[in-house]
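Colleague: I have a model open and want to learn how to read it. Can we go through it feature by feature?

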Amino acid sequence: QVNVVYASFLDSVQNFELDGVWSWENVTSDQTGGFDNDSTMGLYTNQRTIGIEDAPTGQNLEYLNNLTIAVFEIMERNGATVEGWAMGSYHDYDINVAGGTYDSVGFDRSISTAWSFNIPGDVAMGTTKLPFGLAYENMINCRGITGISGDPGGGFWGYDTYWDSTYKYMDEYPIGLSSVPMQSGDGEAHHTYVRDITFDPNGSYVFGVVKWGLSGMANNQSSAEIVPLANIANKFAGFGRGDVNNDDASDIADVVYLASYLFHGGAGPIPFMHLGDVNADGDINLIDVNYLVDYYFNNGPAPVGDWEI
């Protein structure tokens with residue numbers, strides 16, 4: 001069962017100068033209580049958040065029960081060019097454990113994922129930026145914030161310091177780190193999903209964020225148990241195409257599998273048929289097999305995707 005929640009919001013400031021009436025509509029200039037374009041970058045966002053219940057077991061589909069996917073479609077609305085945008089989020093999970101460390105931070109850019117975990121413990125909570133893979137840029141970075149919640153001099157609770165530092169965090173790349181250690185006690189984390197985005201007049205940009213949680217992990221500091229969750233979310237959303245046998249690897253076995261399906265029939269790409277549409281033209285045919293052959297043997301373009309949710 002798939003559930004969807006829709007929301008819309010815009011980058012602007014409500015004008016209370018005349019009568020203080022709140023309105024979510026971008027009303028015309030002869031009305032009151034509207035949004036002022038001199039207080040906006042001119043972006044409007046439609047968001048859909050997808051949650052899955054009772055996903056079947058097998059082919060890693062059970063991981064879909066542990067996540068939601070928020071898709072952000074951001075549009076320029078004033079006919080102007082808007083440059084230099086970045087999108088990220090702040091996290092304070094408070095995954096507590098008596099006498100230990102909580103909200104330590106892990107990061108694996110190869111699966112576009114950052115997470116927080118407790119030591120000792122078996123819980124991890126995090127986010128994954130979509131889409132990711134060879135044809136796309138993965139999550140930019142993750143930064144552990146070494147303040148203690150409630151301490152006005154550190155972490156998110158030092159509001160001025162954090163929001164000023166956010167611009168710096170957005171501009172950083174990780175330097176060979178698979179994890180970002182935190183100090184003993186409470187900590188927070190900043191995740192940067194995309195950056196250096198330019199909106200053409202009336203143009204748009206779409207990306208997604210998976211929010212997930214896992215418990216009962218053998219090693220919550222490693223990404224090994226997170227890999228299947230990140231990959232199945234990417235595939236469910238419409239990406240990760242070319243891995244038609246769902247072994248989380250793209251290799252010659254996928255060429256053989258897809259060719260066998262087309263010429264001899266069978267179950268087809270698993271667990272989603274769209275994984276066989278590697279050029280995202282809406283069909284699964286010999287062109288897709290040739291596309292994979294060109295990619296694997298001739299350094300051709302990587303498989304691409306499109307949103308299926």
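Modeller: Start with the naming of elements: helices (H or I, at least four residues) and strands (E, at least two) are DSSP runs, numbered from the N terminus. This is a predicted model, where local features need pLDDT of at least 70, side-chain atom pairs count only at pLDDT 80 or more, and totals for chains, interfaces and linings use all residues. Residues are numbered from 1 along each chain as its sequence is written, and side-chain values use heavy atoms, with hydrogens and water left out.

Colleague: How do I read a pocket?

Modeller: Rolling a probe the size of a water molecule over the atoms shows where empty space is left. On a 1 Å grid over the protein atoms alone, a pocket is an open set of points where a 1.4 Å probe fits, with protein on both sides within 12 Å along at least five of seven lines; lining residues have an atom within 4 Å of a point. Volume is the space filled by probe spheres set on the points, which are joined across faces, edges and corners. Here the largest pocket holds about 730 Å³.

Colleague: Which element gives the most to the lining of the largest pocket?

Modeller: Strand E6 (82-91), with nine residues. The lining has 30 residues, and Trp85, Ala86, Met87, Gly88 and Met170 lie nearest the centre.

Colleague: And the second largest pocket?

Modeller: Its volume is about 420 Å³. Of its 22 lining residues, Phe132, Gly133, Leu134, Gly240 and Ser250 are the closest to the centre. H2 gives the largest share of that lining, three residues.

Colleague: How do I read a nonpolar core?

Modeller: In soluble globular proteins, nonpolar side chains tend to be buried together. A core is a set of buried Ala, Val, Leu, Ile, Met, Phe, Trp, Tyr and Cys residues joined through side-chain atoms within 4.5 Å. Buried means under 20% relative accessible area, exposed over 50%, partly exposed in between (1.4 Å probe, protein chains only). In the largest core, of 30 residues, Leu64, Leu67 and Trp212 touch the most other members. Helix H2 (227-237) is among the contributing elements, and its six residues are the largest share.

Colleague: What does Leu64 contact beyond four places in sequence?

Modeller: Contact means heavy atoms within 4.5 Å. Leu64 meets Ile52, Ala55, Ile232, Ala233, Phe236 and Phe272.

Colleague: Is Ala80 buried or partly exposed?

Modeller: Partly exposed, because its relative accessibility is 32%. Ala80 sits in the loop between E5 and E6. Ala80 and Pro201 are 121 residues apart in sequence, yet 4.5 Å apart in space, C-alpha to C-alpha.
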